[in-house]
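Work through the exercises below with the sequence and the model side by side. Each task is followed by a solution in steps.

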Amino acid sequence: MIGLEGGFVVTSVDDVPKGLAYAAKFDEGLFLAPSDYSKLDFLAYLNHSCDSNVARIGGLLYIAKKDIPAGGELTIDYAPLVTDVENWKLECLCGVKSCRKTITSDDWKNSAIAKKLWNEWLPYVQKKILGAS
């Protein structure tokens with residue numbers, strides 16, 4: 001285990017302080033916002049990689065996907081974190097051989113990405129993926 005998300009439950013990112021819209025979605029219409037924005041833990045600062053070494057499982061638990069050397073950077077694939085964030089897009093510069101170049105909130109609709117990240121999608125997204133098959 002790398003870490004466990006904690007905080008308070010909100011039903012919209014609009015419910016968090018203005019300018020501090022960081023909140024982790026953990027179910028359809030439910031987000032976990034930090035209890036203290038002045039003391040965000042390291043999970044809030046994970047960078048994206050298309051070949052990430054950390055996975056968020058079930059919306060709350062962060063685990064290592066592979067061995068991470070001491071002092072190695074912790075990275076996560078942003079696609080499962082941004083599902084349903086309307087028009088979200090990131091031009092990826094992770095530089096790994098398998099880089100997708102662009103990460104979007106609709107990546108779950110791509111069957112190859114959906115399969116690769118299956119364990120990282122929230123259960124309601126997994127249901128959407130199965131329904132789209």
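**Exercise 1.** Which residues does Asp77 touch, not counting residues up to four places away in sequence?

*Solution.* Start with the list: Asp77 touches His48, Ser49, Cys50, Ser52, Arg100, Leu117 and Glu120. Contact here means heavy atoms within 4.5 Å. This is a predicted model, in which local features need pLDDT of at least 70 and side-chain atom pairs count only at pLDDT 80 or more, while totals for chains, interfaces and linings use all residues. Residues are numbered from 1 along each chain as its sequence is written, and side-chain values use heavy atoms, with hydrogens and water left out.

Strands (E, at least two residues) are DSSP runs, numbered from the N terminus.

Last, look at its side chain, which reaches the backbone nitrogen of Ala79 at 3.0 Å.

**Exercise 2.** Find the backbone nitrogens that lie by a polar atom of the side chain of His48.

*Solution.* First locate His48 in strand S5 (residues 47-48). Then list its contacts, leaving aside neighbours within four places in sequence: Thr75, Ile76, Asp77, Tyr78, Leu90, Cys92, Cys94, Arg100 and Ile103. From the polar atoms of the His48 side chain, the backbone nitrogen of Tyr78 lies 3.0 Å away, and that of Cys50 lies 3.4 Å away.

**Exercise 3.** How do strands S3 and S4 connect, and in which sense do S2 and S4 pair?

*Solution.* Two strands pair if DSSP finds at least two bridges between them. Strand S3 (residues 24-27) is joined to S4 by three bridges, and the two run antiparallel. Asp27 stands opposite Leu30 in S4. S3 and S4 form a hairpin with two residues between them, and Gly29 in the turn has a positive phi of about 80°.

Now turn to S2 (residues 8-10): with S4 (residues 30-33), this strand pairs in the antiparallel sense over three bridges. Here Val10 stands opposite Phe31.

Methods: Helix = DSSP H or I, 4+ residues; strand = E, 2+ residues; numbered from the N terminus. Polar contact = N/O pair within 3.5 Å; in protein donor to acceptor, adjacent residues only side chain to side chain.
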